Amino acid sequence: MNATVDPKKLIKGATGDWEVVIGMEIHAQVTSQSKLFSGASTEFGGDPNDHVSLVDAAMPGMLPVINAECVAQAIRTGLGLKAQINLRSVFDRKNYFYPDLPQGYQISQYKDPIVGEGEVLVDLPDGQQITVGIERLHLEQDAGKSLHDQSPTMSFVDLNRSGVALMEIVSKPDLRSSDEARAYVTKLRTILRYLGTCDGNMEEGSLRADVNVSVRRPGEPLGTRCEIKNVNSIRFIGQAIEYEARRQIGILEDGGKIDQETRLFDPGKGETRSMRSKEEAHDYRYFPDPDLLPLEFTQAYVDELKKGLPELPDEKKARFIAAYGVTAYDAGVLVAERAGADYFEAVAKGRDGKAAANWVINELFGRLNKDGKDVTSSPVSAAQLGAIVDLIGEGTISGKLAKDLFEIVWTEGGDPKEIVETRGMKQVTDTGAIEAAVDAVIAANPDKVEQAKAKPTMIGWFVGQVMKQSGGKANPQAVNDILKAKLGIE
Amino acid sequence: MTDLTQMTLAEARDAVAAKKLSSTELTKAFVDAVEKARPLNAYVLETPEKALAMAKASDERIAKGAAGPLEGLPLGIKDLYATEGTRTTACSKILGNFVPPYESTVTSQLWRDGAVMLGKLNNDEFAMGSSNETSAFGPVVSPWQRTGSNAQLVPGGSSGGSSAAVAANICLGATATDTGGSIRQPAAFTGTVGIKPTYGRCSRWGIVAFASSLDQAGPIAKTVRDNAILLRSMAGFDPKDSTSADRAVPDYEKAVGASVKGMKIGIPKEYRVDGMSAEIEALWQKGADMLRAAGAEIVEVSLPHTKYALPAYYIVAPAEASSNLARYDGVRYGVRVPGKDIVSMYENTRAEGFGKEVRRRIMIGTYVLSAGYYDAYYVRAQKIRTLIRQDFEKVYAQGINAILTPATPSAAFGIGEKGGADPVEMYLNDVFTVTVNMAGLPGIAVPGGLSAEGLPLGLQLIGRPFDEETLFSLGEVIEQAAGRVALPQRWWA
């Protein structure tokens with residue numbers, strides 16, 4: 001895919017513009033009860049080596065047996081990526097020695113992966129949308145963990161993760177900036193979470209990225225790439241790409257050349273550094289695992305899984321725009337998390353969609369963010385927020401009081417309608433009462449009245465005074481209208 | 001008193017079932033014989049206490065009327081089979097004193113059916129060998145000797161402990177494994193009967209892996225009937241082995257003695273290899289005559305890719321082995337030889353832990369899977385494998401029921417006689433047997449007579465996939481016609 005070069009995405013070097021080309025391999029831990037080829041638990045945490053079966057520890061004579069749920073999860077993910085599902089795929093052995101790799105090989109899929117080409121639509125912060133091609137998705141085993149800080153002379157090995165199912169999702173080199181790369185991972189994570197096939201938890205290592213970066217002059221063939229291994233946060237992905245692109249541009253502009261190599265990102269220093277060169281690369285001696293038969297299933301099985309898929313973010317976004325009249329941008333924000341989208345929909349149903357979106361995005365998400373809370377643990381339920389939106393819509397409370405009401409419900413809970421009643425928060429729409437208040441303010445401020453006649457924007461000050469007198473309960477529109485009439489301004 | 005150890009497994013079974021003999025009496029006789037036969041080095045671990053305890057439990061079940069099909073019958077177990085709580089080493093130094101916390105599926109089925117374990121039997125290290133000389137516990141000495149000679153001979157391999165123990169009457173039957181001929185060649189060398197069933201017939205779970213796509217468990221025993229009895233208990237689907245076959249296990253014993261009239265037996269012309277001795281040639285002819293006399297039709301057939309089987313086997317098997325043996329790295333179990341860093345620990349452990357032949361095959365396997373060589377070796381070997389399988393399919397499609405060949409190119413040879421400088425000399429022992437593993441078919445070795453030097457010679461019958469029954473029927477015909485070979489002289493006790 002060689003789309004036209006977007007000048008905004010180019011990086012300025014000393015000798016001209018450069019384009020960065022990025023492809024990603026995302027390792028996503030499959031959500032499942034047990035491991036890819038053994039019955040051991042996949043639960044995170046636990047004491048070291050608590051979740052290890054004889055198979056995971058590669059005891060003599062042990063054999064792998066495929067976990068059907070992991071296969072179903074990979075198929076669901078492939079469907080979510082609008083990808084080709086391969087009804088026959090093959091598990092291969094990737095051979096190398098490492099203490100946290102008990103078998104001496106990782107069971108993976110090399111030539112014949114379970115999922116082929118697909119695509120992901122990615123929304124960028126500037127509102128632009130790009131399509132990122134998916135090259136393939138395959139299933140493989142995770143390795144264990146080596147612990148180097150437990151003893152001065154020995155390394156310890158924890159095999160709890162050994163054999164846990166991973167999906168490696170390989171993108172095409174379609175990304176052209178760190179922003180695009182971050183947006184792609186964010187979107188992929190959203191899709192995986194909607195599907196329930198990976199929890200996307202990067203802190204626990206459920207989602208890790210290998211980032212392939214190269215640079216070139218716009219329009220030229222692809223440059224030599226470096227692979228940055230195991231980057232474990234979206235922020236670090238952005239930083240690693242920025243650093244790596246700059247590093248490569250620096251070398252090329254100094255007349256050097258890029259060595260194809262594997263690099264590591266050091267989040268402390270914000271740098272990438274060489275891990276091993278192409279010459280030091282392992283010869284993995286891939287060959288089909290003779291302990292496993294080719295993985296085969298029917299199209300009917302795929303169709304059955306397809307029927308069970310939830311509505312995915314792109315479809316949900318389109319529906320929100322059509323059904324609730326929200327903007328594309330707001331719809332994008334609302335569908336970012338399935339729980340948030342569900343919350344919005346509960347609020348919006350039977351109400352003004354735009355108002356609901358406004359309240360969910362600005363008030364609720366803002367407040368949740370401030371308290372570091374998740375929408376699933378929101379103190380204000382969708383029903384409560386819906387009631388607040390209703391009270392505004394009926395004209396029972398003003399927008400300003402509604403914010404106070406939201407805060408009360410947030411901290412104290414309770415039925416918004418009752419709170420409005422018992423605390424006398426009802427909006428005053430009685431024009432007689434408002435007129436009296438307006439008259440009093442005008443009478444008390446003759447100088448300001450003169451100023452307002454010359455400068456009509458002064459009306460705002462009068463509105464504020466009247467609202468203050470009414471304890472915020474006066475209908476602001478009515479106050480405005482009456483003031484305009486009395487002051488004789490348009 | 002008659003020597004109880006000379007009974008066949010079927011005879012002992014009937015005697016125990018009829019309560020003419022207790023398992024404890026029988027087991028004691030074997031425990032005693034095992035001890036006396038130590039010069040053979042057939043057992044690498046004797047478990048007499050366990051044997052007697054199991055025999056006692058068998059006698060209790062018999063008393064309660066709850067006897068299994070193998071109730072109270074003492075067996076030897078090849079050391080490749082993981083036995084829970086009993087040291088299992090695959091006869092390699094690298095496993096050290098490894099005691100598995102699990103039982104292989106096949107042995108667990110034998111114990112389920114009432115069998116008694118006498119101990120663990122010697123084999124070539126990781127089943128890599130054809131003479132049992134690569135074992136970390138030293139070679140097994142065959143109970144057989146050439147007429148008028150006391151030169152020590154090999155019992156074949158890799159299941160040399162199994163074949164020697166059966167021939168020497170120090171077990172009623174034994175488990176074995178066969179990757180390229182490791183059941184059939186040792187059976188042929190010792191005048192015993194051994195069957196390698198169809199790939200997938202027995203579970204591989206809990207058997208130390210050599211080459212996963214070729215390995216199969218099977219029995220070695222004194223007679224065809226004894227093989228049929230043992231295989232019925234050993235076979236069966238195992239959800240823990242993805243390559244095991246989900247098919248019902250027939251009562252194989254019913255096939256023993258069944259008529260072979262009208263069966264078509266193929267004689268593959270390509271097995272008439274260069275330099276085949278007149279003795280083997282004559283044996284083969286004799287086998288065909290016996291089957292013809294029983295009403296079978298003898299037909300010449302062609303398996304044109306036979307000559308490529310051995311070279312292809314010695315690519316596929318080491319390739320899989322190089323990967324299967326990567327787990328013996330000194331990290332989690334078995335022997336660890338320290339080093340200055342992790343790489344030197346690996347190197348030291350594997351250099352000291354593995355014997356020469358195992359190291360050689362790991363090197364060959366690593367080489368043929370390497371980038372740049374994979375297509376030239378591994379991929380081509382797999383293509384040959386497909387052609388070999390198709391050769392058999394075509395022959396069977398012509399209505400052939402089974403194929404008759406010699407089991408080995410010669411009778412047993414002396415310890416230290418072969419493979420010293422040139423390993424291929426040893427590998428050639430498998431020339432008639434590897435095709436069967438490459439095609440995943442069942443094959444049985446049955447004694448056909450004695451050589452001029454007084455050593456057993458074996459015939460091989462190759463069957464259709466999952467048609468072990470036909471092999472038992474045909475094998476019985478040969479056994480009856482040839483007569484069971486005379487017992488070896490008991491020179492060791």
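Reply: Buried here means under 20% relative accessible area, exposed means over 50%, and partly exposed lies in between (1.4 Å probe, protein chains only). This is a predicted model, in which local features need pLDDT of at least 70, side-chain atom pairs count only at pLDDT 80 or more, and totals for chains, interfaces and linings use all residues. Residues are numbered from 1 along each chain as its sequence is written, chains are lettered from A and ligands numbered from 1 in the order written, and side-chain values use heavy atoms, without hydrogens and water.

Start at the charged network. Arg93(A), Asp289(A), Asp291(A), Arg204(B) and Asp241(B) are linked in it by salt bridges (a side-chain nitrogen of Lys or Arg within 4 Å of a carboxyl oxygen of Asp or Glu). Asp291(A) pairs with Arg93(A), their closest N and O atoms being 3.0 Å apart. Asp291(A) sits in the loop between strand S15 (287–288) and strand S16 (295–296) of chain A, while Arg93(A) is in strand S4 (residues 92–95), so the pair ties together parts 198 residues apart in sequence. Strands (E, at least two residues) and helices (H or I, at least four) are DSSP runs, numbered from the N terminus. Asp291(A) is buried at 3% relative accessibility. Arg93(A) is buried too, at 0%.

Asp291(A) also reaches into chain B. Arg204(B) forms a salt bridge with Asp291(A), with the closest N and O atoms 3.1 Å apart. Across the interface of chain B and chain A, the rule finds one salt bridge. The interface takes 38 residues from chain B and 31 residues from chain A (contact means heavy atoms within 4.5 Å). The two chains bury about 2800 Å² between them, 59% of it on carbon and sulfur atoms. Buried area is the accessible area (1.4 Å probe) that two parts lose on being put together, summed over both.

Now the wider count. Over all chains, the search finds 60 salt bridges. One of the pairs in chain B is Arg13(B) with Glu253(B), at 2.8 Å from N to O. Arg13(B) is in helix H1 (residues 9–17), and Glu253(B) is in the loop between helix H7 (224–234) and S7 of chain B, 240 residues apart. Glu253(B) counts as buried, at 17%. Asp113(B) and Arg112(B) form another pair, their closest N and O atoms 2.9 Å apart.

Next, the contact inside chain B. An automatic or database assignment sets the domain bounds, giving chain B domain 1 (6–252) and domain 2 (308–381). Ile94(B), Met128(B) and Phe210(B) supply 39% of the area that domain 1 buries against domain 2, more than any other three residues. Between these domains, the salt bridge count is zero.

Then the backbone. Most residues other than glycine have a negative phi, and most peptide bonds are trans. Ala127(B) has a positive phi of about 65°. Ala127(B) lies in the loop between S3 and H5 of chain B and is buried, at 3%. Ser158(B) is also placed between strand S3 (116–121) and helix H5 (160–167). The peptide bond from Gly157(B) to Ser158(B) is cis, with omega near 5°. In chain A, Lys82(A) has a positive phi of about 50°. Lys82(A) is in the loop between helix H1 (68–80) and strand S3 (88–89) of chain A. At 46%, Lys82(A) counts as partly exposed.

Ile169(A) belongs to strand S10 (residues 165–171). At 0% relative accessibility, Ile169(A) is buried. Leaving out residues up to four places away in sequence, Ile169(A) touches a set of residues including Met24(A), Ile26(A), Leu81(A), Ile134(A), Tyr184(A) and Leu192(A). Leu81(A) is 88 residues from Ile169(A) along the chain, with their C-alpha atoms separated by 9.9 Å.
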